[in-house]
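Take a look at the model below. The paragraphs after it go from the whole chain to single residues.

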Amino acid sequence: MKNSKEDSNKIYPFRPNGEFYFQRGIEAFRNQEMPEALRYLERAAFFEPDEPVIMCQLAICYTELGQFDKSNQILRRVLDEADDIHYCYYFMANNYAYMKEFKQALQHANKYLALVSEGEYVEEAKDLIQLIMEEAPLASFGVSDMSEIEKASFAFKAKVDELVSEDKLDEVSQFLIAEIQDNPTFWQAYIELAGIRFKEERFAEGLAILEDVLARDPGNFMALCELYLYAYYQAEWEQADAVLKELGKVEPFMSSQREKLARICAMSGDYEHADHLFAKVDQLEILDRYAYYYYQAETAFFLGRLDEARDFWQHFKQIDGEELDFPWDYPDLLANDERAVLEKLASDDQAEHLFGVYLLTVSDKQPALIMFNDYFDMTGWDFFEHLIFSEFEFLPDSRDAANCNAAVAILGRFEELDFPAKVETASMYVFVLDFMKRSIDQKYDLRMKNLDGVAAAILYRYKFGTQKVVADLFDISVATLRKYTLEIENF
């Protein structure tokens with residue numbers, strides 16, 4: 001009896017595993033509770049990342065949520081690990097069809113049918129092929145008015161992009177170097193190699209390649225485009241304007257070139273010219289669909305075609321899958337002023353640069369500032385800049401890290417109380433970040449302080465209200481405000 005009683009009092013710990021979360025995810029999926037299904041399936045994938053059934057179900061869930069590119073990334077990973085999971089090809093074909101990438105949709109659907117004569121999705125794959133053949137334009141199947149030169153250029157670019165998408169940068173570098181050795185005036189290979197060097201953060205090498213091309217082939221269109229993008233993202237406006245002037249003399253005849261120049265015109269604010277060029281881009285030959293939809297949305301917005309702009313933005317979000325706000329609604333926010341953010345990031349002043357990093361984290365224009373920016377360079381960033389950029393995902397237990405976190409929290413309070421980062425508040429934001437560095441030097445531990453009191457004192461310092469108004473805003477006493485006003489006078 002004694003042993004029986006002891007057994008009955010034992011507590012058996014609950015240790016959930018991949019199967020547990022997978023079953024929960026399937027149940028939520030069947031009930032059409034997609035966000036919950038995604039949460040469970042992501043957890044299941046965490047426990048069992050090598051289980052193809054779990055990963056495929058996660059991919060299907062992403063498809064249901066409209067995140068087609070993410071779904072395909074997972075399906076590619078499954079095929080890399082287990083190439084006999086043939087139905088992945090059908091799922092990928094379906095995703096490509098949703099994204100209007102009809103060539104890829106046909107390739108993957110036909111690949112599935114070639115591998116499986118009698119499979120679960122054979123009829124669906126045949127129906128998908130028939131639907132594409134009936135409804136997609138002829139250009140979907142490679143029938144277009146492109147010249148042979150443009151077709152060869154497009155095929156070359158597609159091969160490079162495929163290797164880059166698989167993170168095979170060494171392999172694509174070797175491929176491009178071999179192409180250059182075989183054909184020393186094959187300029188496209190040089191441009192692609194420069195792009196690889198930028199992705200590898202070997203910026204000096206990439207820039208040297210572009211300058212070499214322009215020295216040997218003055219006015220080379222793609223080299224000028226890349227040089228403009230480099231100057232733009234380095235906030236070197238005079239150089240960017242000089243290159244733009246050269247590009248203004250060019251009327252590109254290839255669809256890919258028009259797409260590139262249209263994007264650059266939108267970035268520079270020349271929306272009329274951007275619109276003119278976008279109208280001449282064959283939508284089925286787009287090289288960078290992310291950037292295409294983003295800058296089409298921007299162009300339409302500034303030309304007053306608001307419904308069209310929103311439609312393009314929805315297309316962009318459908319591909320990207322992130323919950324991003326429409327980035328042109330609040331142009332007075334510094335975080336949404338690309339040039340302002342880039343100037344801060346390029347600043348040699350430590351507090352100004354920190355401010356740029358902070359603006360980057362709250363910007364609605366992160367796609368333009370990071371996603372399309374092959375020149376984004378974090379190699380020289382310090383501990384605090386990485387903390388802010390990562391949004392304190394991993395917060396070390398130290399006064400330095402805590403003070404940095406507290407400073408960003410103060411900036412967040414300013415945002416909440418309707419004092420966002422604008423031209424008129426910028427100096428206050430820079431002060432907070434400079435104050436953070438000085439507080440560490442002076443061993444002023446913000447963990448031991450009333451952060452609302454500190455934030456109120458800084459707001460009062462910059463004359464955004466009387467003591468009574470500011471104290472009420474933060475729901476603190478005037479005495480507390482005065483206490484912290486005296487303390488921050490030392491910084």
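Helices (H or I, at least four residues) and strands (E, at least two) are DSSP runs, numbered from the N terminus. This is a predicted model, in which local features need pLDDT of at least 70 and side-chain atom pairs count only at pLDDT 80 or more, while totals for chains, interfaces and linings use all residues. Residues are numbered from 1 along each chain as its sequence is written, and side-chain values use heavy atoms, with hydrogens and water left out.

Start with the whole protein. It has 27 helices and 0 strands. Its C-alpha trace spans about 90 × 75 × 45 Å along the principal axes. Of its 491 residues, 49% count as buried. Buried means under 20% relative accessible area, exposed means over 50%, and partly exposed lies in between (1.4 Å probe, protein chains only). Contact means heavy atoms within 4.5 Å. Take the contacts between residues at least 6 apart in sequence: 56% of them join residues at least 24 apart.

Now go to helix H11 (187-199) and H12, and the loop between them. Glu201 sits in this loop. Its phi is positive, about 65°, although Glu201 is not a glycine. Most residues other than glycine have a negative phi. Glu201 counts as partly exposed because its relative accessible area is 34%. Ile209 lies in helix H12 (residues 203-216). Is Ile209 buried or exposed? Ile209 has 15% relative accessibility, so it counts as buried. Leaving out residues up to four places away in sequence, Ile209 touches Tyr190, Leu193, Ala194 and Arg197. Ile209 and Tyr190 are 19 residues apart along the chain, and their C-alpha atoms are separated by 6.8 Å.

Next come the aromatic rings. Rings of Phe, Tyr and Trp (its six-membered ring) pair if their centres lie within 6.5 Å; planes under 30 degrees apart count as stacked, over 60 as edge-to-face and the rest as tilted. By this rule there are 51 aromatic pairs. Phe302 counts as partly exposed, because its relative accessibility is 41%.

Move on to helix H23 (residues 399-416) and helix H24 (residues 426-441). Their axes come within 9 Å and cross at roughly 160°. H23 is therefore roughly antiparallel to H24. Axes are lines fitted to C-alpha atoms, for helices over the stretch in contact, and angles run from 0 to 180 degrees between N-to-C directions. Angles under 35 degrees count as roughly parallel, over 145 as roughly antiparallel, 65 to 115 as roughly perpendicular and the rest as oblique. Among the H23 residues that meet H24 are Ala407, Ile410 and Phe414. Those on the H24 side include Tyr429, Val432 and Met436. By class, this contact of H23 with H24 has 11 nonpolar, 2 polar and 3 charged residues. Ala, Val, Leu, Ile, Met, Phe, Trp, Tyr, Cys and Pro count as nonpolar, Asp, Glu, Lys and Arg as charged, and the others, Gly among them, as polar.

Finish with helix H25 (residues 451-461) and helix H27 (residues 478-488). Their axes come within 8 Å and cross at roughly 70°. That angle makes H25 roughly perpendicular to H27. Asp475 is in the loop between helix H26 (467-474) and H27. Asp475 has a positive phi of about 55°, although it is not a glycine. With a relative accessible area of 72%, Asp475 is exposed.
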